[in-house]
Amino acid sequence: MTRQLTDALGDEALGSRVGAVVLDAATGQRIFAANPDAGIVPASTTKIVTSVAALASLGPDARLSTRVVSGRTANSIVLVGGGDPLLAGPSAKPAAFPKQATLATLALRTAASLKAQGIKKVTLAYDAGLFSGPAVGPGWKPGYIPDGNVAPVHALAIDEGRQHPGHSQPRVSNPSQYAAAAFAKLLGKQGISVSKSIRPGKAAAGAAELGKVTSAPVYALVEHALTHSDNDLSEALARHVAIKEGQPASFDGGAKAVTAVLKRLGADKGIQVRDGSGLSTLNRISADGLARLIAVALSDTHPGLHAVASGMPIAGFSGTLGNGRRFVGGDSKGQVGLVRAKTGTLNHVNTLAGLATTKDGRLVTFAFLADQVPGTAEHVLDRLAAIVARS
């Protein structure tokens, strides 16, 4: 394996800066290493870091709640964002997995509570104060939002801030206001008249709850985020980690909280993140740090982290490895179905990190990271992972 990996790492398509590590998942022993400790821009393999932190801090069964509560004045209500970007709006077709909470269900439940009190006219405010700080991440390129890679990060959003569910662009400029306006229309359909003025507000502590919907459990959210490389969901999960760890629910707070969780796991070495999705060009992760983190997530001592493995795309079958472009070369297609790995792609950055089982039955983790790629190196990364899987 060593000679084959060394030869493949010499491919010009990878560029001049590459880190590579293969580990025995059970013992942590390095089977192969090249430039293992260099901090490299990881792109979306950062989502592995966020996912591990979310599972370890929040727990795999935690859920995200979106609520409506009574306002401070008579016949007033507040829509309270719970940081669930998968909350489905009125024109979405909710996915079967993970099961999404819907704004329509929240409107139905809220209307029933109001009618039970004899209320048919309300004023509506929305509270997106769960998250704080800038809505755009450090090291994000200006085109990310216009190009539909991600929406501004808000605690209240529907359809991940998409104007048209199922289409990555355009993203709405104010996801919270957009969600509140959609909610008002849904209440109208349930026979509750809503005043035209819908403004930001703050829910009072202990306000009576009129309706609530909850997301799928965190383990299912993690699986979705990894399989589909979901930027919006990954940013939300990082903020929930921040809240749980007592940090501000911002990019900076999320980064500090994620680092603290990894430190508790003994897996923070070589990992420096500035966002949750990997869109930031300021993130730096070493191949050794990432391969070791995956090994921690696979270990019997951390069963609550195993959704990291089940969420990773399967070569040639699912997510970002099942799009018809990966593991199609003659040097990799023989390992279709035998590699699970998270992809990462930014301009001049290609990364791949995951797990495979060798022919002698040894579970291994690997990380291959390159951030000075002249064009695309995805086919070389596939070849590297295939070498590991067939060794």
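Tutor: A residue is buried if its relative accessible area is under 20%, exposed if over 50%, and partly exposed in between (1.4 Å probe, protein chains only). Helices (H or I, at least four residues) and strands (E, at least two) are DSSP runs, numbered from the N terminus. The model is predicted, so local features need pLDDT of at least 70 and side-chain atom pairs pLDDT 80 or more, while totals for chains, interfaces and linings use all residues. Residues are numbered from 1 along each chain as its sequence is written, and side-chain values use heavy atoms, leaving out hydrogens and water.

Student: How many of the 11 residues of helix α5 (residues 218-228) are buried?

Tutor: The buried residues of α5 include Val 218, Leu 221, Glu 223 and His 224. Helix α5 is largely enclosed by the rest of the structure, because the number of its 11 residues that are buried is nine.

Student: Which elements do the buried residues of α5 pack against?

Tutor: Packing is judged by contact, meaning heavy atoms within 4.5 Å. By that test the buried residues of α5 have these partners: α2 (46-58), α6 (231-244), α9 (307-311) and β11 (339-346).

Student: Which residue just after α5 takes a positive phi?

Tutor: The phi is about 50°. The residue, just after α5, is Ser 229.

Student: How many residues of strand β1 (residues 18-24) are buried?

Tutor: Take the two faces in turn. On one side Val 18, Ala 20, Val 22 and Asp 24 are buried, and on the other Gly 19, Val 21 and Leu 23. Both faces are covered, and the count for β1 is seven of seven.

Student: Which residue of β13 is the bridge partner of Val 22?

Tutor: Two strands pair if DSSP finds at least two bridges between them. Strands β1 and β13 (residues 363-370) have seven bridges and pair in the antiparallel sense. The partner of Val 22 in β13 is Phe 366.

Student: Which residue in the turn between β1 and β2 has a positive phi?

Tutor: Strands β1 and β2 (residues 30-34) run antiparallel and are joined by four bridges, with Val 21 bridged to Ala 33. The two strands form a hairpin with five residues between them. The residue with a positive phi, of about 80°, is Gly 28.

Student: How are the rings of Phe 366 and Phe 368 arranged, stacked or edge-to-face?

Tutor: Rings of Phe, Tyr and Trp (its six-membered ring) pair if their centres lie within 6.5 Å; planes under 30 degrees apart count as stacked, over 60 as edge-to-face and the rest as tilted. The count comes to three aromatic pairs. For Phe 366 and Phe 368, the centres are 5.3 Å apart and the planes are at 25°, so the pair is stacked.

Student: Which residues do ring pairs link into a cluster?

Tutor: Trp 140 and Tyr 144 are both buried. Their ring centres are 6.4 Å apart and their planes at 70°, so the pair is edge-to-face. The linked residues are Trp 140, Tyr 144 and Phe 251.

Student: What is the volume of the largest cavity?

Tutor: A cavity is a set of points, on a 1 Å grid over the protein atoms alone, where a 1.4 Å probe fits but cannot get out; lining residues have an atom within 4 Å of a point. Grid points are joined across faces, edges and corners, and a volume is the space filled by probe spheres set on the points. There are two cavities of 30 Å³ or more. The lining of the largest includes Phe 131 and His 154, and its volume is about 90 Å³.

Notes:
On a 1 Å grid over the protein atoms alone, a cavity is a set of points where a 1.4 Å probe fits but cannot get out, and a pocket is an open set with protein on both sides within 12 Å along at least five of seven lines; lining residues have an atom within 4 Å of a point.
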